[in-house]
Amino acid sequence: MLYREAGQFKTTYAADMAILPIRQDRIALGILLAIAFIGIPLLAEFEIGPFGHDYIFKAILIPFLILSLAAIGLNILTGYCGQISLGGGAFMAIGAYAAYNFALRVPELPLLVSILLAGGMAALVGILFGVPSLRIKGLYLAVATLAAQFFFDWLFLRVQWFTNYTPSGSVNAPQLNFFGWVVNTPAERYMLALMFVTAFAIIVKNLTRGNIGRQWMAIRDMDIAAELMGIRPLYAKLSAFAISSFIIGVAGALWAFVHLGSWEPLTFNIDRSFQLLFMVIIGGLGSILGCFLGAAFILILPIFLDQVPHAMGIPVSVETVSHLVFIITGALICFLLIVEPHGFARLWAIAKEKLRLWPFPY
Amino acid sequence: MEGLGPFFEVLIGGLLAGVLYSLVALGFVLIYKASGVFNFAQGAMVLLAGLALVRSLDLLVANGLPFEMAVVGALLFAGAIMAVSAWLIERYVLGPLLNQSEMTLFMSTIGATFIIEGAAQMLFGSDVYPLELYPTDAWIIMDEVFPGGILISKLDVWGGLIAGILVAALAAFFQWTRTGRALRAVADDHAAAQSVGIPISWIWFVVWLVAGLVAVVAATVWGTKLGVQFSITFLALKALPVLIIGGFTSIPGAIIGGLIIGAGEKLAEIYLGPHIGGGIEYWFAYVLALAVLLVRPQGLFGERIIERI
């Protein structure tokens, strides 16, 4: 009943093309951002409810935000430009190790610059591995990205320069000092991740609405037709690879620095790539909101399956839980592909559409 | 001559190991040829077949059956499991996705992979189970030509023989049987095949069943080599570069691709590996495939895809 756009008139083209054309949406998003930026840190400050513990930050909120960012990156490539990638984990690894090496070898650089440069490195590699996409597509491209995944797994494991010759191959992130703001407690780390994610989500949302986003979508829908219409596939595909890899690289650097603190070479293995791909598929291909929904789902499902039977007093072994996670994730992917190929994001849109008419649909 | 002995040993070992990759790749090609579905679940199917086989074999032997009988029983059981899973996949995953895009079908098989992996380990356990169906010792040949001779694993030779028989049987099946022809028609165009009266769900069931049986065969060889364990599913990923090199639609291509990958990665590991850090077997196959893709996107034997608007 509250969700009606009656009486909201648009008098300019810009107002009509706004990201959130309906006032209620703007209010809802404002409230959500206020909770995320002010409410949760306040709750943490005064140790109210679950936010008094580090657990919710370390195990849920921080990974959720960073994985959402990575999913946004992958969604540009797979969801908007239609190029399937099984190499998300590799680009996260490139971001993490590049940021580590920049911070280690060029200590004068501010940390923010190191992280962005790390994204730049990932973007360069992304362009390199995107070149085959000009000749091949679909499944063949999936293999090319797999090549990236395995090659970089190996590179960071075997070439010791990247890990600064530490004997175990495990490396530690430097102190997180952003222009004097030392990020230490979980709540501060959460704020940092939140700022990155919000900034990139807004940038990407605008990119996908603009010229370049439309080119990506044209390539996705039918590349030959797009080419005939004057879209340069070289430019469109490689820019998708570059921007996608940049964001995934930044997400990787954040994952390593902000979430993990210290990490091993195989942290970013093929499982991570699949996880990202699933987030994008389940959340919704070609939707920014979907990235968040998918990341939340994939992250929370194992925790949920682990905790709920315990709370209900049913003993379930760790192994069974991990197998159950496999089965449910797989079943859900098949189910969503059959019932709703656009994922949770589309379900959300349908719900909103229904809500406009509720409770009198006629 | 000293340099040549080890070279041939590595080469032959690599070629024979490559045949084992081909065994997995064959399952992919079969399904791709017949239904246009790129079946990512093939590796998971090998795991499922292997687990079903080894667990039922252990159970039968523990109940006092003679080994040969037990093997036959276990093979039948594994075959039955594959038939059930083929039916389930056709009925609940692919059937509803008929006439969808190739990418959707591919992603649905990734989903199926996870279901199969989870279910297989839940039903049959998730440890490493040793399997001994073939001799695992080695021959030493040509020791009068090369110092020390050339070591050849009997298991690899068995794998090669089995792969050869499978390829011949499958080629005959595709070429000369009514069902085989129907399979090829379905691959060309789902809708057109349906409209001339080919029962598409039956065809898909058959092709998944055949791929499942190929998975059983692959599982016997790989299970003997590595023990039946979860890491077998990664074979599926190794089969991808084999397919890229051989071409997605060619059964002989799968074999030759396997040979190239097997020999290439072993030789690279021995002669190139020490210079750049070792362990390059891990990625060599993929990078080789990438290089082939850039030069010949359809693979060595694949059909050229012509696209229209």
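Visitor: Which residues of H8(A) meet H10(A)?

Guide: This is a predicted model. In H8(A), Ile212(A), Gln215(A), Trp216(A) and Ile219(A) make the contact. Their partners in H10(A) are Pro233(A), Ala236(A), Lys237(A), Ser239(A) and Ala240(A).

Visitor: How many of these residues are nonpolar?

Guide: Six are nonpolar, two are polar and one is charged.

Visitor: At what angle do H8(A) and H10(A) pack?

Guide: The angle is about 105 degrees, and the axes lie 9 Å apart. Angles of 65 to 115 degrees count as roughly perpendicular. So H8(A) is roughly perpendicular to H10(A).

Visitor: Now chain B. What span should helix H12 of chain B have?

Guide: Take 1.5 Å a residue. H12(B) has 15 residues, 281–295, so it should span 21 Å. Its end C-alpha atoms are 22 Å apart, which agrees.

Visitor: Which residues of H12(B) are buried?

Guide: Among them are Trp283(B), Phe284(B), Tyr286(B) and Leu290(B). The buried residues of H12(B) pack against H9 and H10 of chain B, and also against helix H6 of chain A.

Visitor: How is the size of an interface often given?

Guide: Often as the accessible area lost when the parts come together. Here we can count residues instead. In this model, 41 residues of chain B are in contact with 34 residues of chain A.

Visitor: Which element gives the most to the side of chain B that touches chain A?

Guide: H4(B) does, with 17 residues. H9 and H12 of chain B also give two or more residues each. That side of chain B divides into 28 nonpolar, 10 polar and three charged residues.

Definitions and conventions. Residues are numbered from 1 along each chain as its sequence is written. Chains are lettered from A and ligands numbered from 1 in the order in which they are written. This is a predicted model: local features need pLDDT of at least 70, side-chain atom pairs count only at pLDDT 80 or more; totals for chains, interfaces and linings use all residues. Helices (H or I, at least four residues) and strands (E, at least two) are DSSP runs, numbered from the N terminus. The expected span of a helix is 1.5 Å times one less than its number of residues. A residue is buried if 20 or more other C-beta atoms lie within 10 Å of its own, exposed if 12 or fewer, and partly exposed in between; C-beta atoms are placed from the backbone. Two residues are in contact if their C-beta atoms, placed from the backbone, lie within 7 Å. Ala, Val, Leu, Ile, Met, Phe, Trp, Tyr, Cys and Pro count as nonpolar, Asp, Glu, Lys and Arg as charged, and the others, Gly among them, as polar. Axes are lines fitted to C-alpha atoms, for helices over the stretch in contact, and angles run from 0 to 180 degrees between N-to-C directions. Angles under 35 degrees count as roughly parallel, over 145 as roughly antiparallel, 65 to 115 as roughly perpendicular and the rest as oblique.
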